[in-house]
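Dear colleague,

I am passing on the structure below, together with some notes on what turned up in it. Please read the notes with the coordinates open beside them.

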Amino acid sequence: MLEGDIDLEGLSPPEAPAAQAAAAVDAEGAPPGRPGAQAAAMRVNDKYSTLPAEDRSVHIINICAIEDIGYLPSEGTLLNSLSVDPDAECKHGLYFRDGRRKVDYILVYHPKRPSGSRTLARRVQHSDAALAARGARQDQLLPGKGSVGAAGGPEPLMDYHEDDKRFRREEYEGNLLESGLELERDEDTKIHGVGFVKIHAPWNVLCREAEFLKLKMPTKKLYHINETRGLLKKINSVLQKITDPIQPKVAEHRPQTTKRLSYPFSREKQHLFDLSDKDSFFDSKTRSTIVYEILKRTTCTKAKYSMGQGEGRKKDSALLNKRRKCSKYGITSLLANGVYSAAYPLHDGDYEGENVDFNDRKLLYQEWASYGVFYKYQPIDLVRKYFGEKIGLYFAWLGVYTQMLIPASMVGIIVFLYGCATVDENIPSMEMCDQRHNITMCPLCDKTCSYWKMSSACATARASHLFDNPATVFFSVFMALWAATFMEHWKRKQMRLRYHWDLTGFEEEEEAVKDHPRAEYEARVLEKSLRKESKNKEKRRHIPEESTNKWRQRVKTAMAGVKLTDKVKLTWRDRFPAYFTNLVSIVFMIAVTFAIVLGVIIYRISTAAALAMNSSPSVRSNIRVTVTATAVIINLVVIILLDEVYGCIARWLTKIEVPKTEKSFEERLIFKAFLLKFVNSYTPIFYVAFFKGRFVGRPGDYVYIFRSFRMEECAPGGCLMELCIQLSIIMLGKQLIQNNLFEIGIPKMKKFIRYLRLRRQSPSDHDEFVKRKQRYEVDYTLEPFAGLTPEYMEMIIQFGFVTLFVASFPLAPLFALLNNIIEIRLDAKKFVTELRRPVAVRAKDIGIWYNILRGVGKLAVIINAFVISFTSDFIPRLVYLYMYSESGTMHGFVNHTLSSFNVSDFQNGTAPNDPLDLGYEVQICRYKDYREPPWSEHKYDISKDFWAVLAARLAFVIVFQNLVMFMSDFVDWVIPDIPKDISQQVHKEKVLMVELFMREEQGKQQLLDTWMEKDRKKDEPCNNHGPKACLDSPEYPGGAL
């Protein structure tokens, strides 16, 4: 036998306990992983037997107190697998070593072994024997106390921090065993320095936790779903035939005519459910969810060992033990403290390959995560079945949003084509391009810029008409109603999904059962409670205690020490420094964004002045386009960089707030990240839309930045064209670079780096090495799931681009549609192939994101009203047409919007250096504004026309906003949130459930009546013939007494 193994079969009963205790001490004193360091128990026919002599790699684990362990003859007796080929019969790591018990969850850790000790690779399966042994050995000799190992040599010095992690793992895994889970450890892996703990939930644990979590499960009762009749039925059948080629080929996506009645699982009512196949009753998603809830709820609380020897460590050891009396280490805390490096459920198998068994992951890859099926609907029910309701709702929302973009894109294309078709009929742009008008404009900058002809801006004026025409007003109203319709359509779709996914009775109160405090919150509460306890001790030390109250004080102290942290909570005073830091940081970040926009403005002004001095006429004629394009590219790069920075800052600010639950943490993080990224993405656009050209001043009295940079002016055709360029470049750049390139490039690069590392570790047999990897080893190399916040965030920002400034860029819905077609398949491929399988989370809606969408939709109405009114020339054209036009046409509109300036009124040092650049001397130049002419009594003052146009603009904003808001609310009111057929089906389910229980109660009552009738018939012979006849009857097998 191996060194340290104990033959129990040859020992007499009185000698066995002593040998067991010796084995426990021997195993505890040796460092982990040393041959003979641990002992294992095996039960066969209610007794222990020795291990086979030929299997020298099997170790005994923790044999102690065998007489106190109640062993039953059941499966899984041997703690280690005795299989000849350890990699063959476990179905690629999806099952335990016995090939029967499925792996529901994986814990990953880094086993640290002492230097100089050669360890035997092992695969160890824990059982209740290990649990009983752990309880009996906790007071035995522990590492770090100078014990002697099994080999007789002194134990090498170990890192006490790593030793502490090992003890925490041992206690935590023991508590998991106590909760009913089954564990199996694997340290002989293909990944160097990584150990895995496989977790399996047996049937009784699944039933117990499903009842605790109130999971709705399908019953045996089937009922028919109400189908549409008449004309609607014919229309639906025609639509099904038309859309059949674009439907995914999965069973879950086919229309169902029947549905199983669902009911919260109960062990007392198991007869209601179809338990013919217990292995598939709880699917892999549900099993992993149940195990994860147990992992979060299970804690390790005991102080396992002292910090070391010597007087110098006593204080630290006392503090450590004191803290652990109150601390609780669930899986979240253990992951945060590095006790485990990862925890995740397994994927169902491989998604590609010739000999791969067919599974849901492979089906998702073929029908959902492939770019070749971009034209098909998503198999949302299969996505929910594999990833859970929360991720299923995200992809369902993304699909609805993408579908709704189709009509918006079509209308946007029509509006754009209308602008193209009428550009040659637009009188203002024709007047600007007409060389005969010979309008001389004032210089765009001081000194270096000269006078210029308005006809040189002909191309800009014609392009502005593509987006600044009467159709854009209609499109703005349409998009506001589209946003309201989209929200209502999503609410109805969400209710359908709730019904089909059995979430109709799911409420937040049920989810609150699973809302465990975060590890950071528990640590802060513990720190506060310890401070409070030390202050109380100081007070008791200085205040003499009366003898009559000693007993009462002791009782109070004992009761308060039961759960020290239960009465302690973090108040606003505890969080005030974090709140103040949040406020200052957010204001500072917004100020940084504004400063960067100001820097870009200065760049535009200085670059325009520099290009104006260029001798090339082509360069000088394209100053506006060059400056605008380069400035937007700078803005795009800054936005992308600051997005990443602000995401990290938002997470840090949320962490220092120490929210109690994960839900609270997620909501606060979303709010901060959205606020910062919203300001970062839209500030340059807001500047061009509402501030550029508004505070310029006039010739001879311009407004300057830092007394040297003159504020920018809009082009004669307005700033709408520049706003369109700004919006399109930022939107397309973010989608191409940040959303798609980063999501495709970075995971591919990480995967390639991991491939090179593995190739470097084993270059000779790398392919064979990869083939032999177990499922949990392959999944460990995947990227961890980081939540849905980044996915939602990029779509919400895109939704803002589509709705907020759609009046200036009607093609925004089209580009968003094209991006989302790729985005859906890109995200699907990432979830199926690049990420570890996330834990399934129940959810009835998309949470705070719906409120953000509604807020953006309401804000879009206001912003589009101001864009049409103040940024475009729509209102000035109407005012001129109905108030000032003599012919009732737009002829003369350009001249009406331009004011005159006498060049002799320039301030000193601001006149052009080359006043004869146009070939003639200029006396009067024109600029875009409503001001009095130089020959007026109040020259250069604001004219009455300005106030008339301003009044019209404000009136339009008020009318447009209230009208569109009313129409949006009307759409919201007309469309019911819950479809009529779904409300009928929900009501039908409730009626059927009541009928089911009524029949069950009636059956019980009939059975009870039958038993009572039998008892009455038994009593009749006794009453008629006396006691002797009753005792002699067959019903009393004992006969007479």
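S808 is buried, its relative accessible area being 0%, and this in a model that is predicted. The residue sits in the loop that runs between α26 (789-803) and α27 (812-834), and its side chain reaches the backbone oxygen of F805 at a distance of 2.8 Å.

On the accessibility side, D350 is partly exposed at 37%, while R775 counts as buried at 5%.

Another salt bridge joins K390 to E666, the closest N and O atoms here being 3.1 Å apart. K390 is in helix α12 (residues 389-422) and E666 in helix α22, so that distant parts of the chain, 276 residues apart, are linked. K390 counts as partly exposed at 29% relative accessibility, and E666 is partly exposed too, with 23%.

In a further case R604 forms a salt bridge with E712, with closest N and O atoms 2.8 Å apart. Because R604 lies in helix α19 (residues 572-612) and E712 in the loop between β15 (709-710) and α23, the pair ties together parts that are 108 residues apart in sequence. R604 is buried at 3% relative accessibility, and E712 is buried at 11%. Elsewhere, salt bridges that share partners join E488, K491, R854, D972 and D977 into one network.

Helix α22, which carries E666, spans residues 662-691, and its 30 residues reach 41 Å from the first C-alpha to the last, close to the 44 Å expected at 1.5 Å a residue. After α22 comes G693, whose phi is positive, near 80 degrees.

Finally, there is a nonpolar surface patch of about 610 Å², made by L736, I737, L741, F742, I746, M749 and I753. One of these residues, I746, is found in helix α23 (residues 720-761) and counts as partly exposed, with a relative accessibility of 35%.

Key. Residues numbered from 1 in each chain as written. Predicted model: local features only at pLDDT ≥ 70, side-chain atom pairs only at ≥ 80, totals over all residues. Heavy atoms only, no water. Helix = DSSP H or I, 4+ residues; strand = E, 2+ residues; numbered from the N terminus. Expected span 1.5 Å × (residues − 1). Patch = residues over 30% accessible without salt bridge, like charges linked within 9 Å, V, L, I, M, F, W, Y side chains within 5 Å. Areas by Shrake-Rupley, 256 points an atom, 1.4 Å probe, with all protein chains shown as cover. Salt bridge = Lys/Arg side-chain N within 4 Å of Asp/Glu carboxyl O. Buried < 20%, exposed > 50% of the residue type's maximum accessible area, 1.4 Å probe, protein only. Polar contact = N/O pair within 3.5 Å; in protein donor to acceptor, adjacent residues only side chain to side chain.
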